[in-house]
Amino acid sequence: MLCPDIKGLEFDLSSKAAIDEIQELQGLANMLTVLIGSSVFVSLFMRSGGMKKPLGAAWEITQYDWGQWSQAMNSVPAILRHRVREIAFREWNRHLSGKEHDFWGGVMNGCGY
């Protein structure tokens with residue numbers, strides 16, 4: 001996708017709030033990825049009161065639903081992209097012409113993330 005080259009762009013309050021919203025969502029997506037990733041360690045190797053025994057942990061590794069875990073890990077970026085597109089579409093519709101309209105159209109079509 002060819003991203004627009006927009007010079008002299010100044011954001012209004014609505015666009016600034018949307019950018020803050022996107023940055024907050026990116027932070028939450030990063031935290032969710034860490035949480036999902038660390039949940040495997042906790043589930044497989046920890047138990048209440050300490051570490052699981054090696055044979056028990058090894059058995060659980062073979063029984064763990066790695067496909068579901070992988071799907072959960074891969075869905076975080078897709079969810080984030082979807083939410084960013086929704087925000088960009090909202091702002092694109094709010095700014096019916098001009099540089100901000102071009103900017104949000106670019107974001108909506110995948111520029112910048």
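This is a predicted model: local features need pLDDT of at least 70, side-chain atom pairs count only at pLDDT 80 or more; totals for chains, interfaces and linings use all residues.

Me: OK. What follows α4?

Reply: Gly 110 does, and its phi is positive, near 105°.

Me: Which residues of α4 are buried?

Reply: Glu 100, His 101, Trp 104, Gly 105, Gly 106, Val 107 and Met 108.

Me: Let's pick His 101. What does His 101 touch?

Reply: Leaving out residues up to four places away in sequence, His 101 touches Trp 92, His 95 and Leu 96; contact here means heavy atoms within 4.5 Å. His 101 has a relative accessible area of 17%, so the residue counts as buried.

Me: Which side chain makes a polar contact with the one of His 101?

Reply: That's the side chain of Trp 92, at 3.0 Å. A polar contact is a pair of N or O atoms within 3.5 Å; within protein, one must be able to donate a hydrogen and the other to accept it, and residues adjacent in sequence count only if both atoms are side-chain atoms.

Me: Switching to rings. How many aromatic pairs are there in the whole structure?

Reply: A search of the whole structure turns up three. In one of them, the ring centres of Phe 11 and Phe 103 are 5.0 Å apart and the planes sit at 70°, so this pair is edge-to-face. Phe 11 is in the segment before α1 and Phe 103 is in helix α4, so the pair ties together parts 92 residues apart in sequence. The rule: rings of Phe, Tyr and Trp (its six-membered ring) pair if their centres lie within 6.5 Å, and planes under 30 degrees apart count as stacked, over 60 as edge-to-face and the rest as tilted.

Me: Is Phe 103 buried or partly exposed?

Reply: Partly exposed, with a relative accessible area of 24%. Phe 11 is partly exposed as well, at 26% relative accessibility. Together with Trp 104, Phe 11 and Phe 103 form one aromatic cluster.

Me: Next topic, disulfides. How many does the structure hold?

Reply: One, joining Cys 3 to Cys 111 with an S to S distance of 2.0 Å. Cys 3 lies in the segment before α1 and Cys 111 in the segment after α4, so the link ties together parts 108 residues apart in sequence. A disulfide here is a pair of cysteine sulfur atoms within 2.5 Å.

Me: Is that link of Cys 3 and Cys 111 left-handed or right-handed?

Reply: Left-handed, with -105° about the S-S bond. As for cover, Cys 3 is partly exposed at 38% relative accessibility, whereas Cys 111 is buried at 8%.

Me: Last one. How many salt bridges does the structure hold?

Reply: Six, where a salt bridge is a side-chain nitrogen of Lys or Arg within 4 Å of a carboxyl oxygen of Asp or Glu. One of them is between the side chains of Glu 21 and Arg 90, at 3.0 Å, N to O. That pair links distant parts of the chain: Glu 21 is in helix α1 (residues 13-45) and Arg 90 in helix α3 (residues 66-94), 69 residues apart.

Me: How far apart are the closest N and O atoms of Glu 86 and Arg 83?

Reply: 2.4 Å, in a salt bridge. Glu 86 and Arg 83 are three residues apart in helix α3, so about one helical turn separates them.

Me: And which residue does Arg 94 form a salt bridge with?

Reply: Glu 91, with the closest N and O atoms 2.7 Å apart. Arg 94 is partly exposed, with a relative accessible area of 48%, but Glu 91 is buried at 0% relative accessibility. Salt bridges that share partners join Glu 21, Arg 83, Glu 86, Arg 90, Glu 91 and Arg 94 into one network.

Definitions and conventions. Residues are numbered from 1 along each chain as its sequence is written. Side-chain values use heavy atoms; hydrogens and water are left out. Helices (H or I, at least four residues) and strands (E, at least two) are DSSP runs, numbered from the N terminus. Buried means under 20% relative accessible area, exposed over 50%, partly exposed in between (1.4 Å probe, protein chains only).
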